[in-house]
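This report describes a single structure, shown below. Please keep the sequence and the model at hand while reading.

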Amino acid sequence: MEKILTFIINKNKLLLLLGSDQDPQFHKSFWYVITGACEKIDNSLEETVIREVKEETNLNLDKIINLNWILEYESLGNHCKEHVFISYTNDTNVKLNEESIDYKWCDLNEFIDLINWYYDKNELKQKLTKYLEKQ
């Protein structure tokens, strides 16, 4: 299954979403970023990013960068190949859908402390630092 994951940046702040404890896979609430599956209506991975961000937060994106970083894992019986992006927005009017119960704009250190991340957080911090500086 092809998926996307995007980190959203607005003025050197990163967006975290607090998921509902009704999550079908984890059955608990935790801080995460936008992820989603590619659908037939999406003509590209970037279109998937735009659609998922709009569905989950109602934010409009100004710029999307494919990090050429792929995370592979098993989820609900599917092999997932998740393409990682950075998305920039000047929009702050977040409207959550039913998947999330809260959100927070964080500086990098708070983001790294709070995010539920199954990989190396030091590597994540290094990658994100580069893109925060580019804004």
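## Basis

The model is predicted: local features need pLDDT of at least 70, side-chain atom pairs count only at pLDDT 80 or more, and totals for chains, interfaces and linings use all residues. Residues are numbered from 1 along each chain as its sequence is written, and side-chain values use heavy atoms, with hydrogens and water left out.

Helices (H or I, at least four residues) and strands (E, at least two) are DSSP runs, numbered from the N terminus. A residue is called buried under 20% relative accessible area, exposed over 50% and partly exposed in between (1.4 Å probe, protein chains only). Contact means heavy atoms within 4.5 Å.

## Nonpolar cores

A nonpolar core is taken here as a set of buried Ala, Val, Leu, Ile, Met, Phe, Trp, Tyr and Cys residues joined through side-chain atoms within 4.5 Å. The largest has 25 residues, and Phe 7, Ile 86, Phe 111, Leu 124 and Leu 128 have the most contacts inside it. Two or more residues of this core come from each of β1 (2–10), β2 (13–19), β5, β6, α2 (108–114) and α3 (121–134). Apart from this core lies another, of twelve residues, including Leu 17, Ile 34, Leu 59 and Val 94. In soluble globular proteins, nonpolar side chains tend to be buried together.

Leu 124 is in contact with Phe 7, Trp 69, Phe 111, Ile 112, Ile 115 and Trp 117, leaving aside neighbours within four places in sequence. Val 84, in strand β6, is buried because its relative accessible area is 0%. Not counting residues up to four places away in sequence, Val 84 touches Leu 5, Phe 7, Ile 65, Asn 66, Leu 67, Asn 68, Trp 69 and Leu 71. Val 84 and Trp 31 are 53 residues apart along the chain, and their C-alpha atoms are separated by 17 Å.

## Largest pocket

Grid points are joined across faces, edges and corners, and a volume is the space filled by probe spheres set on the points. The largest pocket holds about 920 Å³ of space. Of its 34 lining residues, Lys 3, Asp 23, Gln 25, Phe 26 and Thr 35 are the closest to its centre.

Elements giving two or more residues to the lining are β1, β4 (34–37), α1 (45–57), β5 and β6. The largest share, four residues, comes from β5. By class, the lining has 16 nonpolar, nine polar and nine charged residues; Ala, Val, Leu, Ile, Met, Phe, Trp, Tyr, Cys and Pro count as nonpolar, Asp, Glu, Lys and Arg as charged, and the others, Gly among them, as polar.

## Helix α1

The expected span of a helix is 1.5 Å times one less than its number of residues. For the 13 residues of α1 this gives 18 Å, which agrees with the 18 Å between its end C-alpha atoms. Its buried residues are Thr 48, Val 49, Arg 51, Glu 52, Val 53, Glu 56 and Thr 57. The cover over these buried residues includes β1, β2, β3 (31–32), β4, β5 and β6.

## Positive phi

Most residues other than glycine have a negative phi. Asn 58 is in the loop between α1 and β5 and counts as partly exposed because its relative accessibility is 26%.

Asn 68 also has a positive phi, of about 50°, although it is not a glycine. Asn 68 lies in strand β5 and is exposed, at 70% relative accessibility.

## Other residues

Trp 105 lies in strand β7 (residues 100–106) and is partly exposed, at 21% relative accessibility. Leaving aside neighbours within four places in sequence, its contacts include Ile 8, Leu 15, Leu 59, Val 94 and Glu 110.

Asp 107 is in the loop between β7 and α2 and is partly exposed, at 36% relative accessibility. Beyond four places in sequence, Asp 107 is in contact with Asn 12 and Lys 13. Leu 76, in the loop between β5 (63–75) and β6 (78–88), is exposed, with a relative accessible area of 58%.

Methods: On a 1 Å grid over the protein atoms alone, a cavity is a set of points where a 1.4 Å probe fits but cannot get out, and a pocket is an open set with protein on both sides within 12 Å along at least five of seven lines; lining residues have an atom within 4 Å of a point.
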